[in-house]
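Please examine the sequence and the structure shown here before reading the report.

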Amino acid sequence: MTRVGAQRLGFTYGKVPVLADVDVALEPGAVTTLSGPSGSGKSTLLYLLALLLRPASGDVVWDGRPVGRAADGERARLRASLSGFVFQDAMLDPSRTVLDNVLEPALYAGLDRRAAGRRARDLLDELGVGHRADHRPGEVSGGQAQRVALCRALVTDPPVLFCDEPTGNLDRDATEVVWAALGACADRGATVVVATHDLDLVARAGARVVLA
Ligand SMILES: Nc1ncnc2c1ncn2[C@@H]1O[C@H](COP(=O)(O)OP(=O)(O)OP(=O)(O)O)[C@@H](O)[C@H]1O
């Protein structure tokens, strides 16, 4: 279990302030949505909490430690060992098969290749993209790529999962499959954070952060 939060967090792009004095404490074991109007800073907050951006003021706290301004290597180590991230546009490696994309974090983490292979195939099946395992990312749809990216983030069973609009390209049925996978991840005790426009998902989330 890993607790993630922010204290008086602020961020600016150049001179443009995006977030100011944001305090959040995310609950392990629940899906928390980050919502708000377009441009309100959902993705920026998600990237800060995930240690992919550095705060301009305040800090991001993981398990009681202020880590938002830690050295790049330390933040990378924390990200790799404790979290998974689903990018809005999937960001799969186009030169490798879908299966190898999903396997990559598991092998990096030192998991046994056969066990990791089974886990990766199970996840791809669960998310409805198992039939694309041996294809390249260029051969799958945007919605399929998003689900592959979710499999890649889940393959190590990380204690924290960050997702940027993970259902943005999905129809209702595929959205339900993704939502179920996020819920199952939270049920295992993970801290699951989802930036989304989908007000139906916001209403169904266990907790919510609403940006103005
Ligand atoms: N790389 C950047 N350089 C400068 N400004 C940026 C950059 N990325 C985002 N912004 C600005 O920061 C603000 C917050 O952007 P962000 O993407 O976090 O919002 P969002 O709530 O996720 O938006 P959306 O719902 O449209 O994806 C916006 O005003 C945006 O124009």
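## Basis of the model

This is a predicted model, in which local features need pLDDT of at least 70, side-chain atom pairs count only at pLDDT 80 or more, and totals for chains, interfaces and linings use all residues. Residues are numbered from 1 along each chain as its sequence is written.

## Helix 3

Helices (H or I, at least four residues) and strands (E, at least two) are DSSP runs, numbered from the N terminus. Helix 3 spans residues 98-108, and its buried residues are V98, N101, V102, L103, P105 and A106. A residue is buried if 20 or more other C-beta atoms lie within 10 Å of its own, with C-beta atoms placed from the backbone. These buried residues pack against helix 4 (113-126) and helix 5 (142-154). Just after helix 3, G110 has a positive phi of about 85°.

The axes of helix 3 and helix 4 are 9 Å apart, and the two helices pack at an angle of about 130°. Helix 3 is therefore oblique to helix 4. Axes are lines fitted to C-alpha atoms, for helices over the stretch in contact, and angles run from 0 to 180 degrees between N-to-C directions. Angles under 35 degrees count as roughly parallel, over 145 as roughly antiparallel, 65 to 115 as roughly perpendicular and the rest as oblique.

## Strand 3

In strand 3 (residues 30-35), 5 of the 6 residues are buried. Strand 3 pairs in the parallel sense with strand 8 (residues 191-195) over 5 bridges, and T33 has V194 as its bridge partner there. Strands pair if DSSP finds at least two bridges between them.

Notes:
Buried ≥ 20, exposed ≤ 12 C-beta atoms within 10 Å, placed from the backbone. Contact = placed C-beta atoms within 7 Å.
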